[in-house]
Amino acid sequence: KPESVTTEQYVVESRKWQDKSIKLYKQILDSYPQYARADEATFYLGSALQDVGQKDEAVNQFLNLVKMYPESKYVPDSYVLIGEYYFENNNAFKALQAYKHAASFRDSDKYPFAMYKLAWCYYNVGDYGKAIDTMKAVVAISQPAATDDPAARSKVQLKDEALKDLVRFFADAGAMDEAYEYFNKLGKKELIAQMLKRLAQTYF
């Protein structure tokens, strides 16, 4: 944002460009249904709609993309965004299905995040065993070789979040023996203390 432009002016101008983008993407898809990059136009239309707060219409675009263009490179990202929509709307079962699809694309850069949210969906529907196993997988795949780039730092952050969440998962599942073995193996004895504290609070 240029320093001479106020935040309010920037927001108004940005919204104008977003509205123009939405209109353009809709025109392309309506006028040229066989357009070679229709999947890309559909994805960016959904993203633009999401940016302006039209989340219901946005998710419909993502659902249309995964149905109409199953080979598109935008499918993994679309499934993640579909999962986020249902997760935010407290529909754990639909979110779970979307994240399962997203997690089937192991080569996608969204794979670790999809697995992380999938673990939470299992937890939310009461399947603690799958929640724990999936979150363990997140820890395993979130150990980068180096930490001098943004992607690597993101993996480190996700790993830390996954370990903290496992404290909750183990405690709520009452899986004490498994937790001791797992955290000891990783050298994370401090997480055992956190788990016992959470368990004590639950009993109290």
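Tutor: Let us begin with a cut-off: a residue is called buried when its relative accessible area is under 20%, and exposed when that area is over 50%. Please keep in mind that this is a predicted model.

Student: Why is Ser 78 called buried?

Tutor: Ser 78 has a relative accessible area of 0%, and since buried means under 20%, Ser 78 is therefore classed as buried. Ser 78 lies in helix 4, which spans residues 75-88.

Student: Which residues does Ser 78 touch, if residues up to four places away in sequence are not counted?

Tutor: Ser 78 touches Phe 43, Phe 62, Leu 65 and Val 66, where contact requires heavy atoms within 4.5 Å.

Student: What makes a set of residues a nonpolar core, and how many residues does the largest one have here?

Tutor: The members must be buried residues of the listed kinds, Phe, Met, Leu and Ile among them, joined through side-chain atoms within 4.5 Å. The largest such core has 60 residues, and those with the most contacts inside it include Ile 82, Phe 183 and Met 195. Helix 6, residues 111-124, gives the most to this core, with 10 residues.

Student: Which residues are in contact with Phe 183, leaving aside its neighbours within four places in sequence?

Tutor: Phe 183 is in contact with Leu 163, Leu 166, Val 167, Phe 170, Lys 188, Lys 189, Leu 191 and Ile 192.

Student: How many helices and strands are there in the protein chain?

Tutor: The protein chain has 10 helices and 0 strands, and buried residues make up 39% of its 204 residues.

How values were computed
Residues numbered from 1 in each chain as written. Predicted model: local features only at pLDDT ≥ 70, side-chain atom pairs only at ≥ 80, totals over all residues. Heavy atoms only, no water. Helix = DSSP H or I, 4+ residues; strand = E, 2+ residues; numbered from the N terminus. Buried < 20%, exposed > 50% of the residue type's maximum accessible area, 1.4 Å probe, protein only.
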